[in-house]
Structures are given as structure tokens and as C-alpha cells.
Amino acid sequence: MPSPLQAWRQFRAIRPELMYYSAAAAKGAPSVQRRDFSAPASKLPKLPVPDGIHTLKHFLDFAEAIESPKEFKQTLKTVQTFADAEMLKLDSALAERAKKHNNWLTPWWLNVAYLESRDPLPVVTSPGVNFPKFEYQGQTGQLDHAAKIAQAAIFFYKKIQRGELKQDMAGSAPLDMAQYRLLFGTSRVPKKDKDEIRYGADAAQSARHAAVFRNGHAFRMDVVDRDGDPLSLDTLRQQLDEIVSASENRNLFPLGCMTAEKRDKWAEVRESVGRLPSNRKSLDTIESALFTLAIDGPAQPLKGFTERDEQARQSLHGSGSERNSVNRWFDKTVQFIIGDNGYCGMCYEHTPAEGPPVATLMDFVMDQFDGRTFIAEGTSTGLSPVRRLDFELTNDHKKAIEKAKRRIDAVAEDLEVLTYTFTRFGKNFPKSVKVSPDSFIQLAFALAFHRIHGTLAPTYETASLRKFDEGRTENIRGPNLQTAKFCQMMKIGNRPFVELHEQLHAAIAAHKKYTADAMNGAGMDRHLLAWRLLAAEKGLPLPSILDTSAYKRMAHYQVSTSQVPTRHYIPMCFGPSADDCYGICYNPQEKELHFTITTFQHFPSTSSKRFAKELERALNDLRAICVKGAKEHSKL
Ligand code: COA
């Protein structure tokens, strides 16, 4: 590892605009803790503390991509001042923190990204996930599939408990599997200012039940027997039949709607509702359930949209309180949604886990359908009877529920959700021309946005940090300078394919290189977060680098993306992180690319449909550049 002085000199060589080097660095300030490579092979390495100089280099690269030369000059000055006066102190505090924690980032991340957020969980925080369409219509098929999905989920849960899951890998690196253990029996619990998380894995006794919702009513239903074995489909079906008979009328005040409220409001109402012991018991039963099953009513696609679009709306929010939002309990990590028309899915609370472990669960459920590996019949020992989970509510509670219904109705009406499959090629094409499919797709996003809005979008892409113990995520930020140049060249037009081809490769290589940095714990954004939090903890002013107009612009994402690959057709979706943002979850399969694009209708200059059109054009154009550019190259 170079000394801080050497590192700074290397940095100056990359950025010759910097006229002097940091005096503090020259004195040999303490270096940050590095990854412990001596850890035993079975244990994942600790998340390293990123190198400050490296982070600043990233910062300048990203700033330059979106700033004018005049603005960038000012940013350079601030970065120099920050490096001289603030960075080393913050980084030595971070090195101290890293010594004390398994993972210096994760406890912070859980608070900042999830538990301290006061915003409602749907539709930005909690993603929706959808199964391929099942072939049934009506209640019989619906209940049969509810039983099968529940049983398949229990098979998966048992595999987690027995440590039988296949090890997840990124290339040859094993990934942290801890998130799987947190999926079942877990619930977020609303509290004033900061929520709590109640993990099923921490329970003194494993739960044996699911919470089932129908027509706004909640029920407790066993899903495993006294010995912890999955209940047969027959037994599950009998219980579901009982639930259906007991829930034919609609509950006008479904408490679950409160879980779609702002967190402080829900915390206040939950606390008040829970003062009655019977209510408290019902809350406890729902929160400790292994998962929920929503036995939904009809769902009609909106005019101009497809059944798949409607399926995504069902998994994101339930399409409003007149439809199926009354059957949701958004605090639960795993909520299965069973439509009456063959469309099923899941809404999941994001705090305990990222998309890939959830996607693995969904793929596993589909494998059980493919293999027909269900237990159809069997006697069960020690079954508890199905129990209604009614709540005694005051007028104030009812008023709060009415308000929560109006809120989820407004969100459902506002969010444009489009599922889009690009069928001309899948990740096979970029692979065939030796470029990273993920970087290729990200470049298409940048080009599509640039063509619609004439500007470059600060872009968020999730990178996994699961190579590290307790790892969560970093941000593969865009656009980089090379992407900016490529979009500009495409705008000017009439450039020879050979030039476009070279610039396309430069943009993709820059993205791929940064992806590797992000996944290896050398990304920029979580380091900036650490500087902000450490400064606040120490009573220091906001680090000057975070007070720059460059950073403020970077922090306003206009494209928020995440790749979640699956083997079956299982698209995931989430809402945009700002009014003017596009939320894009994508699933590149070998021969097709699946996207779910969301936008807010109250922001008229964004449209999911328009974006899908431009995305298709961009993907086709990138392909043409790869093919024709390579041909022209070979003639040179
Ligand atoms: N030439 C040929 N093939 C290439 C290539 C190249 N230059 N570069 C990559 N490939 C291949 C890879 O080997 C891989 O092959 P496979 O299909 O056989 O597995 C495939 O193309 C895909 O690679 P790539 O597109 O580069 O990306 P990736 O699969 O490594 O994914 C991330 C990149 C960042 C999405 C991923 O690593 C990650 O972090 N995922 C987690 C995201 C997450 O947590 N999302 C959920 C948030 S809730």
C-alpha cells in the first residue's frame, strides 16, 4: 500500500490541475485500516475502509461528468481544502470505528437507509416481486396456489435453518449468506423517530404460523406442525377454506392500511391500539408470523396497461383501498400476494435483506411448481385452530385508518408502473462482443435519459457488498465522464461508427471498473456517508465536500436502478426515489432483458412508457454501434 504522501502524489499525477499536495498528508497521517487477508477462509473478510484519496478521485470524476468547467474549478478547490483540513481526521475516526465493528457500515446503513426514515414503506422502500403467471382463474385455483406457495416457502425456510442453501457467489468470491436467516418471522416495528426490527431468527421459539389477510380481515393459520415439519396441502387448504368463510364481508377499518402510513403516525396509532391486551396479542401474532399471505380480490389493469403491469402494482401497493391494499401488512419482510386470476407475487420489507436473497426464494418456489414436489396429504400433530385477529378500535383509530387509506389510494393513482421486456437480445449479445451486460444496460439508461431530457441523470445502481462479513450495498454511481462524452457524441450525431465504438467501450470500461471498486469496498458513496455521520457524531460542521453544489446535484438521483437476476421470469419493481426520478429494476436473462419502470404522474416530464421507448431505441443503437463499429475497426 502506498504511503499517504505517495498516494497524494499519484493523485496529483491523475489530476494535474491540483497545484499542491496536502500538508497534513505529507506529515504522514495515520493510514486507514485495510482488509484483513489473514482471516480464515471460512470467514468472510471485513469491509475495508476506503482510501480517502481514492474516494476524492472518484468524487472529482463524477463531478466533472455533470459540471461545467467553471463549476468544476470551484469543486476542485473545495476538494483540496477538504483533503488538507478535514479528511484525515475523519478517516482516522473511521479506522477506529472499523476496529470495533464487524462491519463499520452496516449498523449505520440500517439506520440511515431504513429504520430512521419516516417515509411510508410503499412504494419507494418496499419492492414488489412477481411470479410468472399461473394457469388458474377463480377461488379454487387461488387457494390451491396459496397453499403451494406457503408450503414451498416453508421448504425454503427449512433449508435455511438446516444450512442447506447453495452458497451465493460473485465470480469466485463467496457472498455473505446472513440475510437469508433474517427473512422469515421478521417484522419492522414502527417507533417514534426510529423503527425497530424484530427478527424471527432471534425468537426464543420458532414461529409456526402465517398471518393471512382477506377482505381486510386478518387470521392466524399454522403452516408447520409441532415438529416443525411443513403442513400438507390438504391441511393448508382446509384452513384457507375456513378463512374464506369467515371473511366474506369487507372490513371497513383494516389496521394493515396503517402500515402504509408515515412511520411516526403509524408508531403513534400502533402504540395506542396495543394498549388493549387483545389487540397487543393480535399485533404480536402478525409481527411474529413467518410470512403473510394475501388472498386478494379482483385486480383490473388500468386503461392502456397490461395484466403484468397490474400485477406489479398489486405487489407494490395493492392498487388502493378499494382493491387489495387492505390485505397488506407492509411491516412484514415476506408478504406473499395471491391474486384471483393467476397473478401472484410478493411485497417485501427491505430492512433485513437485499433483492437477491428474496429472488432466490422466489426462484425456489417456482422450482417446486416445476418439479411438483409438494406434500399433498398427511396428518399433522398439534395443530392450532385458525384464529381471527380482530382489533378493537376507537373512533380516532378509525379516522387514522381512513386517512391511511386515502394516502395509499393517492400513491396507487400517482405511480405509473410499466413492465417491459426487450426481446431482440439478452445478455448474450453484450457477452458475444466482450462487454459487460450490466455496463451495457446502464449505458442504455444514460442514453435514453439524455435523449428525453437533454441532460445526464445522476444515477444510483445497487452494488452488493456481500463479499464482506455482514455486507449490504454500495452505489455504482453514474454518469462517469466517459458516459457523458458518449451521450454528447450521440447527440451531435454523424460520427463515424468507429469513433462511437471506441467511446462506447471507454464508457463501459469505466462503469465496469467502478463496479469492481464498489463491490470490493472501494466505492465513494458509503465513504461520503461515513464522513457525514462521523462529523455529526463529533459535533463538527458538515464536511465541506458535501456542501458543494456538485455533491448536492449528485445526491439528487434522477434514475434509481437495481439489477436482480433470476432463473424464472420474476421481475422486481420499486418506486422512484424522487419526484422527477425513474425507478428501474431490471433482470437480464440470456435472451431477453426484463425491466419494470416506475415514474410519478404528478411529475409530467417523466413517463415510464416514454422511457421504455427510448430504452428500446438506445439498446438497438448500442448494438448497432458494437456490430458496425467492430466491422469498421477491422477494416482499419
Ligand atoms: N465479456 C464477456 N462476458 C462478460 C464480460 C465481458 N467483458 N463482462 C461480464 N461478462 C459476463 C459475466 O461473466 C457474467 O456471466 P454469466 O451470465 O455467465 O454469469 C455476465 O456477463 C454478467 O456480468 P455483468 O453484466 O458484468 O454483471 P454482474 O452479473 O457481475 O452484475 C452487479 C453486476 C453490480 C449488478 C452485481 O454484481 C451486483 O452487485 N448485484 C447485486 C445487486 C443488488 O443487490 N440488487 C438488489 C438491490 S435490492
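1. In this predicted model, ring pairs join Tyr420, Phe445, Phe449, Tyr582, Tyr586, Phe595 and Phe611 into a cluster. A search through the whole structure finds 27 aromatic pairs.

2. Phe429 belongs to helix H15 (residues 428-432) and Phe440 to helix H16 (residues 437-453), so the pair ties together parts that are 11 residues apart in sequence. Phe429 counts as buried because its relative accessibility is 9%, under the 20% limit used for that word. Phe440 is buried too, with a relative accessible area of 0%.

3. Strand S13 (residues 459-464) pairs with two other strands, and the reader may wish to trace each pairing separately. With strand S15 (residues 559-563), S13 runs parallel and is joined by 3 bridges; here Thr459 stands opposite Val559. With strand S14 (residues 473-475), S13 pairs in the antiparallel sense, again over 3 bridges, and the bridge partner of Ala463 in S14 is Glu474.

4. In soluble globular proteins, nonpolar side chains tend to be buried together. In this model the largest nonpolar core has 58 residues, of which Phe184, Phe291 and Phe336 touch the most other members. Among the elements that give two or more residues to this core are helix H7 (139-162), helix H9 (233-245), strand S9 (334-338) and helix H13 (355-371), and the largest share, 12 residues, comes from H7. The core draws at least three residues from each of domain 1 (35-104 + 423-635) and domain 2 (139-162 + 183-310 + 327-415).

5. Which residues does Phe336 contact, leaving aside its neighbours within four places in sequence? The residues in contact with Phe336 are Phe131, Ile149, Ala153, Phe291, Thr292, Leu293, Ala294, Gly345, Met346, Leu361 and Met362.

6. A second, separate core should be kept apart from the one described above when the structure is inspected: this second core has 49 residues, including Leu60, Phe468, Ile476 and Trp531.

Terms used
Residues are numbered from 1 along each chain as its sequence is written. This is a predicted model: local features need pLDDT of at least 70, side-chain atom pairs count only at pLDDT 80 or more; totals for chains, interfaces and linings use all residues. Side-chain values use heavy atoms; hydrogens and water are left out. Rings of Phe, Tyr and Trp (its six-membered ring) pair if their centres lie within 6.5 Å; planes under 30 degrees apart count as stacked, over 60 as edge-to-face and the rest as tilted. Helices (H or I, at least four residues) and strands (E, at least two) are DSSP runs, numbered from the N terminus. Buried means under 20% relative accessible area, exposed over 50%, partly exposed in between (1.4 Å probe, protein chains only). Two strands pair if DSSP finds at least two bridges between them. A nonpolar core is a set of buried Ala, Val, Leu, Ile, Met, Phe, Trp, Tyr and Cys residues joined through side-chain atoms within 4.5 Å. Domain bounds come from an automatic or database domain assignment. Contact means heavy atoms within 4.5 Å.
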